[in-house]
Amino acid sequence: MSESHLEITNVGIEFPTPKGPFRALRDINLKIEQGEFISLIGHSGCGKSTVLNIVAGLYGATEGGVLLDGREVNAPGPERAVVFQNHSLLPWLSAYENVELAVDQVFKKTKSAAEKKEWIEYNLKLVHMDHAMHKRPDEISGGMKQRVGIARALAMQPEVMLMDEPFGALDALTRAHLQDSLMEIQKELNNTVIMITHDVDEAVLLSDRIVMMTNGPAATIGEILKVDLPHPRDRLALADDPTYNHYRSEVLRFLYEKQRKVEH
Amino acid sequence: MNPLKWGLIEPFYKLAIGEDRRGQLNTIVKMIGLPLSGLLIFLLVWQGAASHINTSLGQFPGPVQTYEQFISLQEEAEAEEVKAQAFYERQEARNERKLEKNPDAEIKVREYVGSPTFFDQIGRSLVTVMAGFILASIIAVPIGIIIGLSSNAYAAVNPLIQIFKPVSPLAWLPLVTMVVSAVYVSDDPAFDKAFLNSMFTVLLCCLWPTIINTAAGVATVTQDLKNVSQVLSLSWWTHVRKIVLPCSIPMMFTGLRISLGIAWMVLIAAEMLAQNPGLGKFVWDEFQNGSSDSLGRIMVAVIVIGIVGFFLDRGMLILQKSVSWDKSVTLR
């Protein structure tokens, strides 16, 4: 049996509530290869973030489990770096110091002070933040904060990068910029990424596979769409590409026909 | 240097260079004129009311009598200084004479022991209050962090805090006095017992706001930041140092400021009863003294206590501003 880089097997989770246990997820099965870019898409409340948090180790699955390179995941760790939705930078530290906190922790013994400095600057440069690396989060824009958040995650040299709606709170132009940056970085570093998104275009543009989730409670994976478009992808060229538009309408059909959200 | 950051001087500067004259005059009236007129009205009311109050020690002192007493306290302090100097000169002359007669003679150098002046008392009070406050902060901040981090610890400690917080210093003082005299037995005491009594009473009363506010500050660490800490696998100590402490500093300082305010109020009462040299003892001694000047002198002490308290609070504010990372919050 060949092992995948990351295996999510029969994962389900129940949360205790005063009215008894609430089942959020059931039967999640997913195998992810090294260097793959996976998007999780689904209506809000379907448990996308819960899947991500289980992989991150922030939640423990009620049944099933997650294997990373054959090792069980049961606690959070820097090898599964998270880019949080609202950046989650420490507001009292500069961009540089925020990344430094992560680098100090991960490369405590393996890098010298000079190497660490170089590594921090390299990662900030990767997200185009080298010009403002000594500014604090309240002095930079939302898009820049998210860039620093990505730099912090990249600087941990993670085996899997988990992104929880990283561009959700940004305006469309900033989002497009960051998506382009992310594609560039992905080409250079070939990271394994799991990203949650609400945005169909974002999912098709960035992903190798799109995992579409059914509505909760007891949500699970509905369909998996393989996006067979060559890298690097160019958003302008793809806008009129029939294959691209086919994938796009597949996802839309899943979300708005098969899993139409019933508003109560 | 940017002249626009001079604060008080700014409107005068702008007025001088002829920038928006009307606006500057308005600012000056608001900044200086209004507080001054408030003060003036207060002095008038005080003078008017004082002249109608007759006590067994004579008329209640108005602003003028109070000022006279302030001058007389200054003169006494100067006279004491002169006496001290004279004492040291005499001592030196005596010792020199001794050495002239016999170079091997043993000479004695003694400290001048005069009665402490009003200004000495202010210094003594400040030393006592800072000792109590700093010691209390060293105890309260770690406790606040621990009960802020653990809801179980909080549930265990909170009832005690709520019960001890409203206790008056006057209730603690007899207990502190008895415990200090029983426990602190030394042939050569480094600290005066009265000093220890006042200090520990201050400590017991100013622990609580710091504990409560530090705990509340620790509770402001959001789940997002806790998640960051978990993903980074920060150790408990690094988590406290790098995330919890900076996050709770604004609230912690709010608590420290309240504590220092309480400490200063408590100190005056504690000094009165513990007979520890300081402003409280000064007030008590004047009250017992019962001369016609006494009320005026107490009034001087009241004003000085107020002004010192004000400056202590400003000092804390400056410290708070210098350590606070969130410059968008206006601290006042």
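This is a predicted model: local features need pLDDT of at least 70, side-chain atom pairs count only at pLDDT 80 or more; totals for chains, interfaces and linings use all residues.
**Ground rules.** Local features need pLDDT of at least 70, side-chain atom pairs count only at pLDDT 80 or more, and totals for chains, interfaces and linings use all residues. Residues are numbered from 1 along each chain as its sequence is written, chains are lettered from A and ligands numbered from 1 in the order written, and side-chain values use heavy atoms, without hydrogens and water.

**Strands.** I looked up strand 1 of chain A (residues 6–17). Strands are DSSP runs of E, at least two residues, and helices are runs of H or I, at least four, numbered from the N terminus. Two strands pair if DSSP finds at least two bridges between them. Strand 1 runs antiparallel to strand 2 (residues 20–32) of chain A, with nine bridges. The two form a hairpin with two residues between them. Strand 1 also pairs with strand 4 (residues 63–68) of chain A, antiparallel, over five bridges. I checked A:Glu7: A:Lys31 stands opposite in strand 2, and A:Leu67 in strand 4.

**Salt bridges.** The rule is a side-chain nitrogen of Lys or Arg within 4 Å of a carboxyl oxygen of Asp or Glu. A:Asp201 and A:Arg248 meet at 2.6 Å, N to O. They link helix 6 (residues 200–206) and helix 8 (residues 242–258) of chain A, 47 residues apart. In chain B, B:Arg297 meets B:Glu286 at 3.5 Å. This pair joins helix 11 (residues 294–323) to helix 10, 11 residues apart.
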